[in-house]
Amino acid sequence: MLIRLLARRYVCVVAISFFTFSAYAVGDTQEDDLEDIVETDFIFADFQLDNRKTGVELDLATKDYQSYFIELELFNEHFAANLSCDESNTQLTGEFWEGPVAVSLVDEEAQPLFFIEDEQCYFNIELLPQLNVRMRFDAHRQIFAVLTEGKHPKTKEIMREARKLMLLKLDEQKAASLEIDDQYQAFTMPSLDISANERWNNARHNPSFYVQSVFDLLYHQSELQLNVQKSGSIRGRGKFARKLDWGGDKLHYQMGDIQHSQQGLFNVPSRGLGFLLGERASFGSRTSIDLSGYAQPLSEVELYRNDLLIDFIQLDDTGFYEFKNIDLRDQSAEYVIRITTPDGQETEQRLQKPGKHGLTPSEWTPTLTYLDSAEGLFEGGSGDSALFAGSINYALSADALLILGFESKIEETRETLFHLALDGFKWADMQSALKLGLLEDQWLYDASVSYGFGNQSIGLSSQRLASSLNTSTTHSASWGWGYEGYSSSFAASESHFGESLSRNYSAKMGYNGSTWSFSAEGQRSISRSNTDIGNSNGNNNDALSVKNFSLVGSTQTPIGNLNLSYQKSLGSTSQKSLNMSLSKNILGVSAAASLRWDLQQKRSSTSIRLSKSLPLFRVSGNLGFTNTSGWSFGFGISFGLFADDPFASMTNKSWRRSSNVVMQPFLDENNNGIWDETEAFLPEVSLTQRRRKFEKGVAEDHVRLYGVDAYDPKLFTVDDSELDNPFIVPKYREIRIESHPGGSVAFQVPFHLQYEVEGEIIRLNAEQEPQNKIGAVPLHLYKLSESAKNKNSSQNTSGKNPVFVKTYYSEPDGFYVIDKLKSGDYRLVVDAEYQHKEALNCEPCEVEFNTDSAEDHLLMAELITLSPQPENKHEDKG
């Protein structure tokens, strides 16, 4: 065997050497001959006409993958032309759309832009602009797109056929996708994040227990956070929440312990027991949205992405349309909705993407809040007042947000602030924000403007704010600079608060590199009474001056990440401190050591912390010493789990944001879409989301997935890569899930056995010889029921049997593949119109097959032969 292999290699080397020597020996006289033997390869490109997919693949020829050619006969067929290749005059001549044309087939350097192969003429597609046809060919994506501006005689016909094909594909995509809407239940078992800690100090121990839980209760999302101390006291928070439909997007409301995002002009409580109606969580970070609206009934609504039609809807009598899951991740993509009314009028609407505030331009949302800061579910409140507030948020643009609202503080008396805010307004390189409010009889405001130029920026701001004691006014100015990691800034402000005046100055500088960074900051604050400002004797002894200085640095060293900081404060109370920390991951164990010295009070503390993540939980320990309280030791463990399956779901991760997803994949042998106990369960199946895999647990008849966050609707892909049989495929390839933390989602995924049919078509010429290329032959596939078997059926599908499935097309070389067939009996029919147009006979014209006869799910169909009809029959038909 080895001798035979060496002999083959020797022969190859001799042959290569011979041809190499021959190439040098023959010189230039044989170069043309060598070029002639270069094999022609073909690229199958998707043909797009006037921004529409046609469903047709054009085979473009190439010899060097630099220049691409189209067969003239194929061009005439798809471009409705009647051109011929004049070799003697090296011209492309004939009738084109607007009259006779003559295009040279050589370039300026007399190099040919065509070639002849198998008696067929191929010309370079770069000649199309000379025919007033704009074109774009993407060799990487294999897309051949032309723009004719409606001049193509068959544009409407091609678009109509393309629309039919697209509608079939859309129907196939929708049939192959499943949508699971968010549902709230009366009760679901909770998901828990649990942490237990024990700490010893001076022979005393202090245990604590902390738990976070989310679950459904009374058709609401319930959240609990509880902290149990050694004394038995329970502290924590709890709330109920639920999403609400609002104009196609979601708002939510909360009841329980809530927080209020205040405007900052007026000192109002921000936490307490109450309710809140406002924007949903994650609203500002949407990756997809649903588009819906109303148009004139019976209109047609089309959705374009970058001028390419991707979906359309024929409206019914209600006039409602909806496009789901519009992808927002591609920032360069532009979406346009085109509405065509029954009388032919067209209107376009461009999709406005959400800005950083989460709203699209001209979109608005309300907020409404009531809370009592003196109350809480598990502990008393932190205040003695209540708040009632509301606002309307309106998006002026992707950046600018207009807010109109009120805040009412209720104590022994009621104080109400009406406010107007404009945030994120941009003009050129300038950005500004304004908050304006009226509290009783006084105006409050917060205004800022910033301007960037080159590596520098300047900013100005002015504020007039109200508190429970008095009103304060502050004016400030700032300057900043940054370049390649280096930065510096300076700010100065002056504040008036009642009878007091304070001036503040700060300067910062720093550097942030790949392996080290540092920052230095100095501050000075001078405060005095207004009555002392105009003191004629210039005595400043009553003024209070505070100076602060800090220096912070970090670097990566062989022994870990080292952080250092030094702080010094001079004023009424002087402080000096030095801190150091060192952290490193050693064999999967996170280790950290810290030291702190209070140089003013002569105190020091040292601690060492270790933590390790194991598959089921996280453990941590710490050891510390201070010169005031001695040694201390602590230990902790934390984990997450689902209460109804604690041992299988226990993990070191947090399940607080997760939904309970239960999937039942099975082999649907009777094709009824419902799992029967006799049908096989497929435990190897899972879900992925943008290539992210989830932990899963397998039970007797279902798969449970852990860590699925579907608060915003997300598209998941059925992962069947672990199945041994590639012909077992899911009915739903994509599943769109929307849920909420603690929610429960359950669904079935039927799988089907699919078969593949391969066949070949031979076309004979007038001499009864097989042609190398036959073009795309249309083949209609029908599924036969029991009553339709063994009947000599034509292409008449007016009755119940046979049932039309789909039209397939053969490859230009005559081979065809029909895949994704379910079990059953089928009939494949050569298109009669194609036979008549091409004047062909077929033998046979119909092929029947049954999937039960397949070997390894593969069927070989009977050979179909096409031959030219006799001349007299062709003339009679003409």
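Start at the hairpin of β30 and β31, which have 2 residues between them. Select Gly454 in the turn; its phi is positive, about 60°. The model is predicted: local features need pLDDT of at least 70, side-chain atom pairs count only at pLDDT 80 or more, and totals for chains, interfaces and linings use all residues. Residues are numbered from 1 along each chain as its sequence is written, and side-chain values use heavy atoms, with hydrogens and water left out.

**The strands around the turn**

Now colour strand β30 (residues 442-453) and strand β31 (residues 456-466). They pair in the antiparallel sense over 9 bridges. Strands are DSSP runs of E, at least two residues, and helices are runs of H or I, at least four, numbered from the N terminus. Two strands pair if DSSP finds at least two bridges between them.

Pick Val449. Its bridge partner in β31 is Leu460. From Leu460, step on to Ala477, the bridge partner in β32. Strand β32 covers residues 471-483 and pairs with β31 in the antiparallel sense over 11 bridges. β31 and β32 also form a hairpin, with 4 residues between them.

**Asp257**

Next, select Asp257 in strand β17 (residues 249-259). Which side chain of opposite charge is nearest to Asp257? That is Arg237, 6.0 Å away. Lys and Arg count as positive, Asp and Glu as negative; His and the chain ends are not counted. Asp257 is buried yet has no salt bridge. Buried means under 20% relative accessible area, exposed over 50%, partly exposed in between (1.4 Å probe, protein chains only). A salt bridge needs a side-chain nitrogen of Lys or Arg within 4 Å of a carboxyl oxygen of Asp or Glu.

The Asp257 side chain reaches its backbone nitrogen at 3.3 Å. Beyond neighbours within four places in sequence, the contacts of Asp257 (heavy atoms within 4.5 Å) include Gly236, Lys239, Gly272 and Gly376.

**Val268**

Move to the loop between β17 and β18 (271-279) and select Val268. Val268 is buried, at 5% relative accessible area.

**The cores**

Finish with Phe75, Phe123 and Phe144. Of the 31 residues in the largest nonpolar core, these touch the most other members. Such a core is a set of buried Ala, Val, Leu, Ile, Met, Phe, Trp, Tyr and Cys residues joined through side-chain atoms within 4.5 Å. A second, separate core of 25 residues includes Ile180, Met663, Leu667 and Phe716.

How values were computed: Polar contact = N/O pair within 3.5 Å; in protein donor to acceptor, adjacent residues only side chain to side chain.
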